[in-house]
Amino acid sequence: MSTEPVSTPAPAPAPSHESRIHGCLLGGALGDSLGYAVEFDDIFTIRGKFGADGLQDFSVLDGGSHFSDDTPLTLYTVDGLLEALEWANSGVGADTNACLWLAYLRWLGTQGVPVPEAAPFQPPRWIDSHDVLKHRRAPGNACLSGLATGEMGTFYRPVNPDSKGCGTVMRSAPFGLIPYIGAGAVYKLSADAASLTHGHPAARQGAGVFSLVIHALTAGAGLREAALFALGELGAGHLHKGEEPDPDLVARLEAALRLGGAGGLLAPEELVRELGEGWVAEEALAVALYAVLATAPDPTAAGHPEAHFRAAIALAVNHSGDSDSTASIAGNILGTFYGEDCLPAQWLAALEAPEVIRGMAARLAAVTGA
């Protein structure tokens, strides 16, 4: 019998920040696109169309699938941040949330909703030249109505004060991709931008927590470590004075962490009972976190990033709920964690307008020095 020591596979090198940016935006778009094919179907309908395991791959979709409103809103978040960073790099201070508001107003115009006359005029930018972003694909009511008021919503002057739809969370990954700023600044940028359309604490805090997960991953944290860090930051003094962590958000995220580490996978029916359908902020983030944690490879083994991505997206898609948003968030997380290496080539070949997504990723990488 050989007495030679068994070698342990060397860990894969950490992805570059540029690869994380591309992975995040492309991964989110892939999850969004696969999920959008079944967004309004319950699990029984999904199984009836695609078999007992549900929708697993783009290859079974005749003609592929479009992305929903989630991807354009994420890209317009990138563009708002780009404008603020471009001003900063030229030595001029800019109100970041105003830049984001103006970007979201330009997105509103792509949805066939008149931009309020009282809103400031902004010249079109590169992102506005792409017709693929001008389709209306089930945008959230609060995103539309909050922007259509022409008022720049804030924590103290909220629009849609009772809305906690997942439209804040699904667009907020880009805040975590900005290097050289601390966790408190990431949280504030994300939560303030959420206030532009949604006023409920779960919507604002959920967006901030998601951005902090992305922030921690870009710094090299593991998946569970990043989720624990982000949840812990809710009590670290980042909330407005007198504001408390939203109890439903905390409960859902704690459940996602517990179930994601329990071993085995929940059936779609159990997933919805435990974590919700994903239409509201805390549920969408919880389902996505559970999907990436529950499908993670054994940390002592050499994991396969693409296999993990496929498994997590399938889990995030196949349930009775907001499949495109839960899968989009999961795709953002794993694309940030692994970089582009986890993205299936066949899926990328089926992705709508990858050149637009890559173009925005390249611009963000360039302006941040990645």
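In this predicted model, the side chain of Glu283 comes within reach of the backbone nitrogen of Glu277, at 3.1 Å. Glu283 belongs to helix H11. With a relative accessibility of 14%, Glu283 counts as buried, because the limit for that class is under 20% relative accessible area. Leaving aside residues up to four places away in sequence, Glu283 touches Arg252, Leu275, Gly276, Glu277 and Gly278.

In soluble globular proteins, nonpolar side chains tend to be buried together. For Tyr104, the contacts beyond four places in sequence are Leu73, Tyr76, Thr77, Leu147, Arg171, Phe175, Ala193 and Leu196.

Most residues other than glycine have a negative phi. Ala138, however, has a positive phi of about 55 degrees although it is not a glycine. Ala138 sits in the loop that runs between helix H4 (96-110) and helix H5 (141-148), and is partly exposed, with a relative accessible area of 34%. Tyr180 likewise is a residue other than glycine with a positive phi, near 70 degrees. The loop between H5 and helix H6 (183-194) contains Tyr180, which counts as exposed at 74% relative accessibility, because exposed means over 50%.

Terms used: Residues numbered from 1 in each chain as written. Predicted model: local features only at pLDDT ≥ 70, side-chain atom pairs only at ≥ 80, totals over all residues. Heavy atoms only, no water. Helix = DSSP H or I, 4+ residues; strand = E, 2+ residues; numbered from the N terminus. Buried < 20%, exposed > 50% of the residue type's maximum accessible area, 1.4 Å probe, protein only. Contact = heavy atoms within 4.5 Å. Polar contact = N/O pair within 3.5 Å; in protein donor to acceptor, adjacent residues only side chain to side chain.
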